[in-house]
Amino acid sequence: MRRVVITGAGGQLGVELLRRIPEGVEATGLDRSALDLADRGAVLATMQRIEPAAIINAGAYTAVDRAETESEAAYRANAEGPRHLAAAAAAVGARLLHVSTDFVFDGRKSLPYMPDDATAPLGVYGASKLAGEQAVHETAGVDALIVRTGWVYSAHGQNFVRTMLRVMRERPEVRVVADQVGTPTSTATLAETLWTLLRHEAPAGTYHCSDAGAASWYDFACAIRELAQAHSGEKLAPVQPIATADYPTPARRPAYSVLDKTATWAITGAAPHWREPLRAVIETLLPAP
């Protein structure tokens, strides 16, 4: 695994992957301006030039609500992009590690989703990501890992943590959905997991990755407020729970999308409870008193 290409290098996960390159690995980060994943010829030519041993696809269209009206853009990035990367990986003999999402599930379960559970996305974003998974599976000769995750955040980029910290300063109170449950996932955990799966030569297949535990968006927001106030001493707006019906959005979200990580943790070791990496990100974002 000496030479690795990281697509989507300008996003939250791509930035973290580049920060955590293992010793002895030569990584090339390609953002959207450097490589259009929808351009099959450009993808193939780029991989033939670099000749990577592995490709990590962290590139995606992630605007869940806009995807309902921008389905062509979502499918171009989330389905055609992985298809072209899989074909290029097969052509140059590289492993492909493709990052997918918990939104491929409909959220009707009450127990964590296993990698082989039936998929049934509720919106365009989830459907386009599922189409990307299927495109990778259908590509002849590709050695691929698909890693599903969800509720991803970091100290950079646009995400729930940074948004909550901003609105808690701007508003007298913050209302957050309490009947959608998943697991907050730090890019630190996700990036380390992806590198470990490659280093340990994990068998091809589908894996799940998140931090440990489960939370509603309301729980997540309350933890952000609690940890931020404890670290900085700043007074932030209180959080009030609401139902999904009280906060309608263009795209439907799964009510429950906790992922079973047993197979992943057998290779990588268990991830920390989600509050631990959240504390680290908040301490990075906020000055101490």
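In strand β10 (residues 205-208), the bridge partner of Arg-148 is His-208. This pair belongs to the parallel pairing of β5 (143-149) with β10, which extends over four bridges. Two strands are said to pair if DSSP finds at least two bridges between them. Helices (H or I, at least four residues) and strands (E, at least two) are DSSP runs, numbered from the N terminus. The model is predicted, so local features require pLDDT of at least 70 and side-chain atom pairs count only at pLDDT 80 or more, whereas totals for chains, interfaces and linings use all residues. Residues are numbered from 1 along each chain as its sequence is written, and side-chain values use heavy atoms, with hydrogens and water left out.

The sheet to which β5 and β10 belong is open and has six strands in the order β2-β1-β3-β4-β5-β10, with parallel pairing. Its edge strands are β2 and β10, each of which pairs on one side only. Direction ignored, neighbouring strands of this sheet are turned by 20 degrees against each other on average. Angles run from 0 to 180 degrees between N-to-C directions, and axes are lines fitted to C-alpha atoms, for helices over the stretch in contact. In general, strands of a sheet pair through backbone hydrogen bonds, either parallel or antiparallel.

Buried means under 20% relative accessible area, exposed over 50%, and partly exposed in between, with a 1.4 Å probe and protein chains only.

Helices cover this sheet. Helix α6 (187-199) lies across β1, β3, β4, β5 and β10 and runs at about 160 degrees to β5. Contact here means heavy atoms within 4.5 Å. Glu-192 lies in α6 and is partly exposed, with a relative accessible area of 32%. The C-alpha atoms of Glu-192 and Ala-271 are separated by 9.8 Å, although the two residues are 79 apart along the chain.

The helices also pack on one another. Two packed helices are described by the angle between their axes and the distance between the axes. For helix α3 (residues 71-92) and helix α4 (residues 124-138), the angle is about 15 degrees and the axes are 8 Å apart. This makes α3 roughly parallel to α4; angles under 35 degrees count as roughly parallel, over 145 as roughly antiparallel, 65 to 115 as roughly perpendicular and the rest as oblique. The crossing of α3 with α4 is right-handed, a term used if the near helix is turned clockwise from the far one by less than a right angle, and left-handed if anticlockwise. Among the residues that make the contact are Tyr-75, Asn-78 and Arg-83 of α3 and Tyr-125, Lys-129 and Val-136 of α4. The residues of this contact divide into 11 nonpolar, four polar and three charged. In this classification, Ala, Val, Leu, Ile, Met, Phe, Trp, Tyr, Cys and Pro count as nonpolar, Asp, Glu, Lys and Arg as charged, and the others, Gly among them, as polar.

Helix α9 (residues 275-285) meets helix α7 (residues 217-232) at an angle of about 50 degrees, with their axes 10 Å apart. The two are therefore oblique to each other, and α7 passes α9 in a right-handed crossing. The α7 residues involved include Phe-220, Ile-224 and His-231, and those of α9 include Arg-275, Leu-278 and Ile-282. By class, this contact of α7 with α9 has seven nonpolar, one polar and four charged residues. Helix α9 also packs with helix α5 (residues 160-170), where the axes come within 11 Å and cross at roughly 55 degrees. Helices α5 and α9 are likewise oblique to each other, and their crossing is right-handed. Val-161, Arg-162 and Leu-165 in α5 meet Leu-278, Val-281, Ile-282 and Leu-285 in α9. The contact of α5 with α9 comprises six nonpolar, no polar and one charged residue.

Two loop residues remain to be described. Most residues other than glycine have a negative phi. Trp-151, in the loop between β5 and β6 (152-153), has a positive phi of about 55 degrees although it is not a glycine. Glu-201, in the loop between α6 and β10, also is not a glycine and has a positive phi of about 50 degrees. Trp-151 counts as buried at 9% relative accessibility, whereas Glu-201 counts as exposed at 65%.
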